[in-house]
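The sequence and the structure are shown first, and the description follows.

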Amino acid sequence: MPKYSFTLNGKTVQVDAPGDLSVLWALRDKLGVTGPKYGCGINVCKACTSHLNGKAFNPCVTDLRDVAGKDVTTIEGLAKGDQLHPVQEAWLEQDVAQCGFCQPGQIMAAVALLKRTSNPTDEDIDAIENVCRCGSYFRIREAIKAAAAKMATPVAGPAAGGPSVPDVAPGQLPATGPGVATAAAGAAALAAAAATRLLRDADETEA
Ligand code: FES
Ligand code: FES
């Protein structure tokens, strides 16, 4: 059996399988990486969307032999350690997911879009072809715009001349300091997003 080697989420991996095995099955069945979802297997639903050399691709219709020596990133490789990607943060703040099945692909498509254009229009966002059977499109649009705004705003911190965050032991919260303010602001933002969603859902139910 041939062996194919490529970089997956920053690490070199090797898969012992036929060259025409789809990358989706190599990821899911051979490597145990299940973030990319199987929806159609024919490049229609886009649930499997991941990145190949930094661009969106659909592993369900890509042969294993075609990623040899290349750089594959799945949703599992988006965060940097404990630091979520701004698109992932925006997704949580906007409470985008419903059943969640399509969401890894939606997020990877959104990240690829924001690499191409930092300030996407509604038309740019509508051009994303990822299907959501739960109809979370409105919240996806809001999250992409929120992520674009986040990514355009420099992060305040010591390196940027902002306040330093105190060291905190794992499992403990600081009693005072900017971490507390950030956590409170984050909780308030999440509560506001949840309230907005409840109101919107109520409006949609009445309509
Ligand atoms: S599984 Fe539907 S496009 Fe890949
Ligand atoms: S959240 Fe259910 S399919 Fe998109």
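## The pairing of α3 and α5

Helices α3 and α5 pack at an angle of about 45°, with their axes 11 Å apart; axes are lines fitted to C-alpha atoms, for helices over the stretch in contact, and angles run from 0 to 180 degrees between N-to-C directions. That angle makes α3 oblique to α5, given that angles under 35 degrees count as roughly parallel, over 145 as roughly antiparallel, 65 to 115 as roughly perpendicular and the rest as oblique. The crossing of α3 with α5 is right-handed; a crossing is right-handed if the near helix is turned clockwise from the far one by less than a right angle, and left-handed if anticlockwise.

On the α3 side, the residues that meet α5 are Gln106, Ala110, Leu113 and Leu114, and their partners in α5 are Ile140, Ile144, Ala147, Ala148 and Met151. Two residues are in contact if their C-beta atoms, placed from the backbone, lie within 7 Å. By class, this contact of α3 with α5 holds eight nonpolar residues, one polar and no charged. In this classification, Ala, Val, Leu, Ile, Met, Phe, Trp, Tyr, Cys and Pro count as nonpolar, Asp, Glu, Lys and Arg as charged, and the others, Gly among them, as polar.

## The model and its overall make-up

This is a predicted model, in which local features need pLDDT of at least 70 and side-chain atom pairs count only at pLDDT 80 or more, while totals for chains, interfaces and linings use all residues. Residues are numbered from 1 along each chain as its sequence is written, and chains are lettered from A and ligands numbered from 1 in the order in which they are written.

The protein contains six helices and five strands. Helices (H or I, at least four residues) and strands (E, at least two) are DSSP runs, numbered from the N terminus. Their order from the N terminus is β-β-α-β-β-β-α-α-α-α-α. Of the 207 residues, 30% count as buried; a residue is buried if 20 or more other C-beta atoms lie within 10 Å of its own, exposed if 12 or fewer, and partly exposed in between, with C-beta atoms placed from the backbone. Among contacts with a separation of 6 or more, 60% join residues 24 or more positions apart.

## The pairing of α2 and α3

Helix α3 (residues 103-116) also packs with helix α2 (residues 86-93), at an angle of about 125° and with the axes 10 Å apart. The two helices are therefore oblique to each other, and their crossing is right-handed. Val87, Gln88 and Trp91 of α2 make the contact with Ile107, Ala110, Val111 and Leu114 of α3. Six of these residues are nonpolar, one is polar and none is charged.

## The largest nonpolar core

The largest nonpolar core has 22 residues, and those with the most contacts inside it are Val87, Ala110, Ile144 and Ala147. Such a core is a set of buried Ala, Val, Leu, Ile, Met, Phe, Trp, Tyr and Cys residues joined through C-beta atoms within 7 Å. Two or more residues each come from β4 (55-57), α2, α3 and α5 (137-152). The largest share, seven residues, is given by α3.

## Loops beside the helices

Val96 lies in the loop between α2 and α3 and counts as buried, with 26 C-beta neighbours inside 10 Å. Not counting residues up to four places away in sequence, Val96 touches Trp91, Gln103, Ser136, Arg139, Ile140 and Ala143. In the loop between α4 (122-126) and α5 is Cys132, which is buried, with 21 other C-beta atoms within 10 Å. Leaving aside neighbours within four places in sequence, Cys132 is in contact with Cys102, Gln106 and Tyr137.

Most residues other than glycine have a negative phi. Asp95, in the loop between α2 and α3, has a positive phi near 55° and is partly exposed, with 17 other C-beta atoms within 10 Å. Asn53, in the loop between β3 (50-52) and β4, has a positive phi of about 50° and is exposed, with 11 other C-beta atoms within 10 Å.

## Helix α1

In helix α1 (residues 23-30), the buried residues are Val23, Leu24, Ala26, Leu27 and Arg28. These buried residues pack against β2 (11-16). Just after α1, Gly32 takes a positive phi of about 70°.
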